[in-house]
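User: Please take a close look at a single part of this model. I would like one connected account of that part and its surroundings.

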Amino acid sequence: MIIFGEINCLGFCLETSSIAHLVALFFVISIALLAASFIIKRPKQRLQTFVSAQVAVLLAIAATFYTMKCSEMLSFYLYLAYVGITGILIFGVVRFYDRLMIKRLDAKPAGNIMEWVQKFVNQLASATVYYYDSAAPRAFAAGRSIFVSIGLLEVLDDDELKAVLAHEAWHIRNNSRTPYLKQLAIMTFSSHKSSEIEELADSFAASIAGREALSSARNKVDKVFI
Amino acid sequence: MVKLDQINLSKDGLTKFFSPIEAEILRALWNEGEMMTSELTEKTSIPLTSIAGTLDRLVKAGYATRRVENISGRVRYIYSPAASEEEVANEITTKILDNLVDAFGPVALENFSKYSDKK
């Protein structure tokens with residue numbers, strides 16, 4: 001097998017190389033950062049750790065490449081594996097992010113407690129509305145699901161709720177047209193960079209539920225809905 | 001249940017053990033029994049934005065329970081105290097006494113008996 005020869009060669013190269021510890025260090029750092037990016041809850045820091053993990057992996061690969069004086073094949077394999085794993089991660093996270101959120105929030109279909117909510121969204125997008133147990137009024141979209149907290153259902157009147165749902169439905173309709181990486185950034189991370197998208201979603205929401213309902217809903221929701 | 005790192009002896013009454021908002025909510029729940037979120041904000045005159053997170057915390061910590069009800073087409077939380085004021089007082093007292101004995105042993109016990117003699 002070529003790959004074993006490559007690994008032997010890498011072992012030899014690393015043993016004789018002065019930067020072996022550097023390669024190991026980069027790999028350890030990148031794994032730690034990647035793990036941290038899954039644990040960290042604050043969107044901005046999560047994005048930062050995720051990106052730093054990618055940079056650390058790239059550095060590790062570059063260092064390995066530099067060490068491999070015998071052949072460059074192993075670094076090529078490493079790079080392929082890296083691309084493959086991140087691809088699966090990004091695709092998987094985006095594809096199943098709403099499943100994860102349903103589990104984490106113990107969310108239940110909103111149609112169970114407020115029938116018209118699901119019917120209203122059906123007219124706008126093929127998405128399921130879920131509610132979850134929290135008094136803090138919040139709403140967000142992920143995958144093909146819209147999440148609203150019970151606190152949100154409590155404070156908004158029907159028109160305001162329609163504005164919020166239309167805003168989220170717009171995201172879902174347009175997410176399928178957004179490239180995966182961008183979608184991941186919009187869904188999991190803060191919306192500060194996607195203000196244009198937010199404005200589009202808002203103007204759609206205003207056209208459905210009225211500008212007034214939208215702005216009064218905004219005032220009641222304590223966090224800008226993603 | 002009480003987080004001991006939040007105890008602050010320099011404060012008054014319940015706020016020695018709870019944040020001011022937590023204390024006000026608990027006081028209202030003990031006085032009134034069951035309450036809706038809107039009643040709580042009215043009674044305590046704390047705005048919803050500040051009260052919502054605290055309510056989530058109190059429920060999570062087991063001091064309050066809530067159920068969801070559909071009242072004439074609107075979804076509402078109904079809150080009730082998970083334990084009576086006495087039960088909570090009992091729990092806090094036990095926890096603190098345990099810690100005093102744990103830290104100071106016989107000295108703490110000696111002071112307890114002196115204290116009860118005085119009383």
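Analyst: Two strands count as paired if DSSP finds at least two bridges between them. Helices (H or I, at least four residues) and strands (E, at least two) are DSSP runs, numbered from the N terminus. This is a predicted model, in which local features need pLDDT of at least 70, side-chain atom pairs count only at pLDDT 80 or more, and totals for chains, interfaces and linings use all residues. Residues are numbered from 1 along each chain as its sequence is written, chains are lettered from A and ligands numbered from 1 in the order in which they are written, and side-chain values use heavy atoms, with hydrogens and water left out.

The part examined here is helix α3 of chain B, residues 48–61. Its 14 residues reach 20 Å from first C-alpha to last, close to the expected 20 Å, where the expected span is 1.5 Å times one less than the number of residues. Buried residues (under 20% relative accessible area, 1.4 Å probe, protein chains only) in α3(B) are B:Ile51, B:Ala52, B:Thr54, B:Leu55, B:Asp56 and B:Leu58.

Just after α3(B), B:Gly62 has a positive phi of about 90 degrees. The strands β2(B) and β3(B) run antiparallel and are joined by eight bridges. One of the bridge pairs is B:Ala64 with B:Pro81 in β3(B). Two residues lie between the strands of this hairpin, where B:Ser72 takes a positive phi near 40 degrees.

Definitions and conventions. Buried means under 20% relative accessible area, exposed over 50%, partly exposed in between (1.4 Å probe, protein chains only).
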